[in-house]
Amino acid sequence: MTLEVDVEATFSADGADAFHVAADFSVRDGETVVILGPSGSGKTLLLETVAGFHDHEGTVDNDELVLSDRPPEGRDFAFVFQDYALFPHMTVSENVGFGTRYEWTDDGWVASLADRFRSALGRFGSAISRPRSTVSKLWRRLRGGTGPAPEPPGLRLLADLGVADLAERYPPTLSGGEAQRVALARALAVDPAVLLLDEPLSSLDVPTRQALRDDLQDVLADVTSIYVTHDRTTARALADRIVVMNDGQVVQTGTPEDVFERPASPLVARFTGSNVVPLSALGDRADRLLDGDRDATHLTVRPEAVELGANDPDLTGTVERVTREDATSRVTVAVDGIDSPVTVFSADPPTPGTTVTLRFPRERVATCRD
Amino acid sequence: MATRTPPLPLHALGRGSVALAVVAVQLVAFAAAYSLGRPTLYAVFVVLSAAGLGFASRRGLFGVAMATLGSVLLVALGLPLLLFAARQSPSLIAEKALDPGVHRVLYLGVYAPLLAAVASLALGVPLAYHLSRGFTGQPLVESLVDLPLVVPHSVAGIIILFGFGQGGALPGLSVLGTLPGMVLALTFVSAPYAVNAAREAFESVDDRLEYAARVHGASPWQAFRRVTGPLAVRGMVTGGVLAWARSVSEFGAVAVVAYSVEFFYPPAGERVIAQHAPVFVYNTYLQGGLDESGAVAALLLAVSAAIFLLVRWLTTDATTTQGVA
């Protein structure tokens with residue numbers, strides 16, 4: 001099954017200009033497509049539109065069905081929200097079991113009403129034909145029930161996610177990490193054709209985020225999903241393919257390798273953390289690095305690929321700042337003729353203020369146009 | 001504020017004991033002023049003691065000024081009530097409380113508003129839901145809903161008679177002097193309370209909870225029944241009780257539409273004629289004077305107070321959310 005999304009929607013808020021969102025991409029079976037973009041780029045609205053929460057033009061379909069003709073409950077999706085959106089008046093196990101109670105049919109409401117009427121009639125019929133069992137059932141109910149309780153659906157999912165002990169708690173008493181695990185279990189419990197996730201990690205503190213990201217990596221390995229985030233690290237860790245959005249429009253679609261190593265525009269490059277160097281700043285060194293792409297205006301290169309202090313440099317600059325990171329240091333180098341400084345990683349960083357040389361390995365350099 | 005040292009040992013006591021002490025002092029002062037036959041002295045005492053408490057709260061001249069001015073309003077609201085309670089004759093109240101005619105009035109005065117509150121809720125909750133979700137032309141509908149709040153209630157009664165009386169929208173229904181007419185009038189004036197309270201409750205339910213219900217398989221009905229409805233139920237109950245309380249106190253519209261009402265009275269097992277309680281109090285005042293109407297008013301006040309306490313109890317967090325925020 002391949003999900004094909006080709007939608008356009010316009011959103012207007014009081015006193016603000018209408019915001020237009022348009023996107024066209026596909027999600028193959030078992031694939032995780034990450035929609036990556038800055039805040040306000042319309043990625044959450046796009047995901048909600050796919051889920052059926054908003055009116056839109058265009059279609060969402062899988063191989064057999066036009067899903068966009070159906071209401072949200074008929075699309076066989078599940079959704080994990082940024083701020084969990086757990087039902088506060090239900091226990092964790094009731095939350096997780098919520099979706100398993102419902103089965104969607106597209107027979108329309110007349111048929112479904114008739115169905116309910118028939119089943120109610122059946123219950124009534126069996127109640128009057130077997131009065132004793134009805135009375136004893138009522139009695140059991142009044143006394144609070146006896147005998148083994150049926151296992152709540154989704155309990156195994158909670159156990160898999162390490163939160164089985166929370167089953168009888170209420171959502172407002174959970175920590176962020178616990179709540180998001182429960183929300184994930186609620187979504188997986190309906191065994192959706194496609195799992196939609198809207199920034200599920202961004203409300204969490206850093207250690208919790210890393211732990212849940214590891215779990216998500218396992219979960220998303222077997223689930224077809226669309227994952228919205230503004231965090232490029234998460235995108236790189238989880239994506240099979242990435243759709244980069246800006247200002248409501250798709251600006252690049254590709255594998256993580258494509259997007260991170262060969263960004264389509266300076267905008268994508270900056271957002272994914274690449275260095276962006278205008279060709280004009282390189283002078284005649286540009287010829288060495290270009291593969292005859294005469295239309296290109298900018299060169300992009302990952303910070304981890306730039307060689308610091310090499311002979312035969314492409315650029316020379318002044319160290320502006322050194323930031324210690326886990327195993328290395330991030331060095332920002334100011335270069336004349338480039339607006340934003342060049343970022344480099346170094347295990348043995350120079351002190352700020354010193355002049356350094358920068359060399360770009362030819363095989364790691366890509367070009368793009370404004 | 002935390003670093004300041006309190007000037008009086010007032011802060012050292014618990015809030016509860018301070019409040020209790022203040023109430024006790026006020027009651028003693030009122031009893032003294034009342035037995036002297038000079039209630040004005042008590043009014044002065046309240047304002048002065050409020051100024052003293054304002055001073056003790058260490059907010060300076062600002063605190064004193066705010067407390068003093070606020071207490072003047074409290075005197076205007078509370079002193080008549082205290083004097084009203086103190087000046088009632090218990091024997092007259094007991095006599096009225098045993099009067100079957102008064103029973104009928106109290107029955108009608110609680111029962112008809114209950115019907116009006118149920119009608120306001122049953123029809124107001126769907127409207128409130130739509131208002132909370134927004135639609136084109138919403139401001140117009142909002143104004144219409146709030147209209148009864150600004151229309152003088154005798155005018156509301158006239159409008160009801162034009163709308164539903166002879167030659168009106170419900171030809172089969174006689175509204176003048178009937179229970180349906182009374183309920184219509186009460187619903188007209190009290191529905192805005194039910195609609196607005198329910199609407200606020202719906203607005204406080206996050207859209208995403210409804211989205212979550214829908215995307216995980218619930219139809220719009222099921223999402224309402226299991227998620228939006230239960231989360232807004234407190235607001236609906238509050239709205240219903242507010243509408244009920246408003247109806248209990250309604251005078252103008254009822255006096256026009258159903259001055260005397262004929263209705264079935266279960267304790268007597270037959271149809272009887274009575275008046276809505278506020279109308280009855282006014283009537284007693286005109287015919288029997290202040291003392292008689294005071295006794296009836298005291299009974300009505302007791303019923304209203306019970307409703308008011310019920311509202312407060314229903315709107316505290318602990319009673320409706322089972323400890324879930």
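Reading labels in a predicted model

Chain B of this predicted model has 13 helices and 2 strands.

Q: Why is B:Leu286 called exposed?
A: The relative accessible area of B:Leu286 is 55%. Exposed means over 50%, so B:Leu286 with its 55% is exposed. The residue sits in helix α12 of chain B, which covers residues 277-315.

Q: What makes B:Phe251, B:Tyr282, B:Tyr285, B:Leu286 and B:Leu290 a nonpolar patch?
A: Phe, Tyr and Leu count among the nonpolar side chains, and such side chains are joined into a patch within 5 Å. Patch residues need over 30% relative accessible area; B:Leu286, one of the five listed, has 55%. Together the patch residues have about 530 Å² of accessible area.

Q: Why is A:Arg116 called exposed?
A: A:Arg116 has a relative accessible area of 53%. The cut-off is over 50%, so A:Arg116 counts as exposed. In chain A, this residue belongs to helix α3, residues 109-129.

Q: Why is the surface patch of A:Arg101, A:Arg116, A:Arg123 and B:Arg225 called positive?
A: Each member named in this patch is an Arg, and Arg counts as positive. The patch is therefore called positive.

Q: How do you know which residues of chain B are listed as "transmembrane region"?
A: The listing comes from an unreviewed UniProt entry, and its ranges include residues 64-86 and 170-195. In the model, residues 64-86 of chain B are 100% helix, with end C-alpha atoms 30 Å apart. Residues 170-195 of chain B are 65% helix and 0% strand, with end C-alpha atoms 23 Å apart.

Key: Residues are numbered from 1 along each chain as its sequence is written. Chains are lettered from A and ligands numbered from 1 in the order in which they are written. This is a predicted model: local features need pLDDT of at least 70, side-chain atom pairs count only at pLDDT 80 or more; totals for chains, interfaces and linings use all residues. Side-chain values use heavy atoms; hydrogens and water are left out. Patches are made of residues with over 30% relative accessible area and no salt bridge: like charges are joined within 9 Å, nonpolar side chains (Val, Leu, Ile, Met, Phe, Trp, Tyr) within 5 Å. Accessible areas come from the Shrake-Rupley method with a 1.4 Å probe; for residues, only the protein chains shown count as cover. A salt bridge is a side-chain nitrogen of Lys or Arg within 4 Å of a carboxyl oxygen of Asp or Glu. The place of a charge is taken as NZ of Lys, CZ of Arg, CG of Asp or CD of Glu. Helices (H or I, at least four residues) and strands (E, at least two) are DSSP runs, numbered from the N terminus. Buried means under 20% relative accessible area, exposed over 50%, partly exposed in between (1.4 Å probe, protein chains only). UniProt positions are given in the numbering used here, feature names are shortened, and annotations may be inferred rather than shown by experiment.
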